[in-house]
Amino acid sequence: MCLSIPSKVIEIDEANNALVDTMGVKRKVSLDLAGEPVALGDYVLIHVGFAMGKIDEKDALESLAIFKEIAEKMQSGEIDERDGDLGLVDRLS
Amino acid sequence: MSIDYLSDYRDPKLIAALSAQIKSEATRAINIMEICGGHTHTIMKYGLPQLLPPEIKFIHGPGCPVCVMPKERLDHAIAIANMKDTILTTLGDMIRVPGSRGSLQEARAKGADVRALYSPLEALKIAAENPDKTVVFFAIGFETTTPMSAALIERTIASGVKNLLFHINHILVPPPVCAIMDSGGEIDAFLGPSHVSVITGSDIFAPIVDRYQTPIVISGFEPIDALESVLMIVRQFNEGRREAENQYSRAVTPKGNERAKALIDRYFEPRETFRWRGLGDIPKSGLKLRDSYASLDAEKIYAEKLPNDPIDDHKLCICAEILKGRAKPTDCKVFAKACSPASPLGSCMVSSEGACAAYYRYAQTL
């Protein structure tokens, strides 16, 4: 019921419905509950037939970039499990 | 660069990196309750407890609306379904939950018209297609789903359809969290619910943090989200902070979805009290239709025909202890024996979000 994977908006009709693509599956959802304007190409969270929120893609990109930096440091042997600050402070503070 | 929201947020290398970071920084035992049943599934599916230091434990919370639905309300649904010329509609998971005498699924097998919906909007379509019947939407769910019921009511009024009624069972997240803490739960911190918070915003958790001095970190649903949230909790304790924080900032804002909240407030108001399976009666924890919409209120219209006796839970079922975070499904005598997804004794096994269902499905990895 609650799980929701970000879905891409590919069409919007006059009745305030969007056609969205979730991992290749297309479906129609209502935009009646979208908290802010939705445009083509946006990623939205779907819940029981409604879009209820938008994903801030810039925010997601930033956090993923930080995680990937940590993983790369681990792989190259720069740090081990006992090392301290791996650069998360900026994101978390 | 575009984001692959699935593989990027489930990348094993990133999971390992965050796990290592948590281990390097953790300094004390922490019991973390994940409020949302969706988080329980992420935690179990990805084996997150095995990636954490042994002194950091997850405790499963009451955030699964099907699990906390009391039998009394289910018996209302069954009574309505069995009435002449009614069609009972509800979201899919509710169909199999046992009331005191069977489930909606069993009522349907005996001839009642019961329909499982993927979206509340289908109820309006069913009502329009069956003008000689009364369709009742049995509405369940926390703040995530309440706006969808409100939107359905709005569309129903606008459409002029007169044969759609509502039996409202919407509930709120903060009251049961307070009830659990007030009852002496051994909980040090919370993973805050993802999609409830998309609607409510993160600000609603600040009063709970202040009152109980427990960090609450709102977490997204992916394994990386959950691990980062654990790290944020660890850091709060290390730094002596007790705050509400938002790890799911790509989707949750401080004020949430104002449009949805306004719609909820237009149609609903708090009930004096609502009974929770396993938790008892909690004041102001459920919603009902405002009196100005009494003509849509199935509970009022059918009041004389709906049963009202309090009902005890199945004696062997320990959903109550599981919902309070005092036991795990594996502590239960009937878990995966008399109680299974095929023949559930309690609602935690029926719902795909319930802790018992999560353990049943993923327990072989433990």
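Here are some questions and answers about this predicted model, chain by chain.

Residues are numbered from 1 along each chain as its sequence is written, and chains are lettered from A, with ligands numbered from 1, in the order in which they are written. Local features need pLDDT of at least 70 and side-chain atom pairs pLDDT 80 or more, while totals for chains, interfaces and linings use all residues, and side-chain values use heavy atoms, leaving out hydrogens and water.

Reader: Let's start with chain A. Which residue in S3(A) is the bridge partner of A:Asn17?
Author: Strands here are DSSP runs (E, at least two residues), numbered from the N terminus, and helices are runs of H or I with at least four residues. Two strands pair if DSSP finds at least two bridges between them; strand S2 (residues 17-22) and strand S3 (residues 25-30) of chain A have six and run antiparallel. A:Thr22 stands opposite A:Val25 in S3(A). For A:Asn17, the partner is A:Ser30.

Reader: And which residue takes a positive phi in the hairpin of S2(A) and S3(A)?
Author: That hairpin has two residues between the strands. The one with a positive phi, near 50°, is A:Met23.

Reader: What about S1(A) and S2(A): which residue in the turn has a positive phi?
Author: Strand S1 (residues 7-12) of chain A is joined to S2(A) by four bridges, and the two run antiparallel. A:Val9, for instance, has A:Val20 as its bridge partner in S2(A). The hairpin has four residues between its strands, and the one with a positive phi of about 65° is A:Asn16.

Reader: Over in chain B, how far apart are the C-alpha atoms of B:Leu6 and B:Glu222?
Author: B:Leu6 sits in the segment before helix H1 (12-25) of chain B. Leaving aside neighbours within four places in sequence, B:Leu6 is in contact (heavy atoms within 4.5 Å) with A:Ile5, A:Met23 and B:Glu222. B:Leu6 and B:Glu222 are 216 residues apart along the chain, yet their C-alpha atoms are separated by 8.2 Å.

Reader: Which residue in S2(B) is the bridge partner of B:Cys36?
Author: Strand S1 (residues 30-36) of chain B pairs with S2(B) in the parallel sense over six bridges. In S2(B), the partner of B:Cys36 is B:Gly63.

Reader: What is the average twist in the sheet of four strands?
Author: This open sheet of chain B has the order S4-S3-S5-S6, with parallel pairing. Strand S4 (114-117) and strand S6 (164-170) stand at its edges, so each has one side without a neighbour in the sheet. From one strand to the next, the twist averages 20°.

Reader: Helix H6 of chain B packs on that sheet, so to speak; what angle does its direction make with that of S6(B)?
Author: Helix H6 (residues 146-159) touches S5 and S6 of chain B. Axes are lines fitted to C-alpha atoms, for helices over the stretch in contact, and angles run from 0 to 180 degrees between N-to-C directions. For H6(B) and S6(B), that gives about 160°.

Reader: How far apart are the axes of H6(B) and helix H11 of chain B?
Author: Among the residues that meet are B:Ala150 in H6(B) and B:Leu263 in H11(B). The two helices pack at an angle of about 65°, and their axes are 9 Å apart.

Reader: Which strand gives the most to the lining of the second largest pocket?
Author: A pocket is an open set of points on a 1 Å grid over the protein atoms alone, where a 1.4 Å probe fits, with protein on both sides within 12 Å along at least five of seven lines; lining residues have an atom within 4 Å of a point. This one is lined by 24 residues, with B:Lys57 and B:Phe58 among those nearest its centre. Five of the lining residues come from one strand, S2 (residues 56-63) of chain B.
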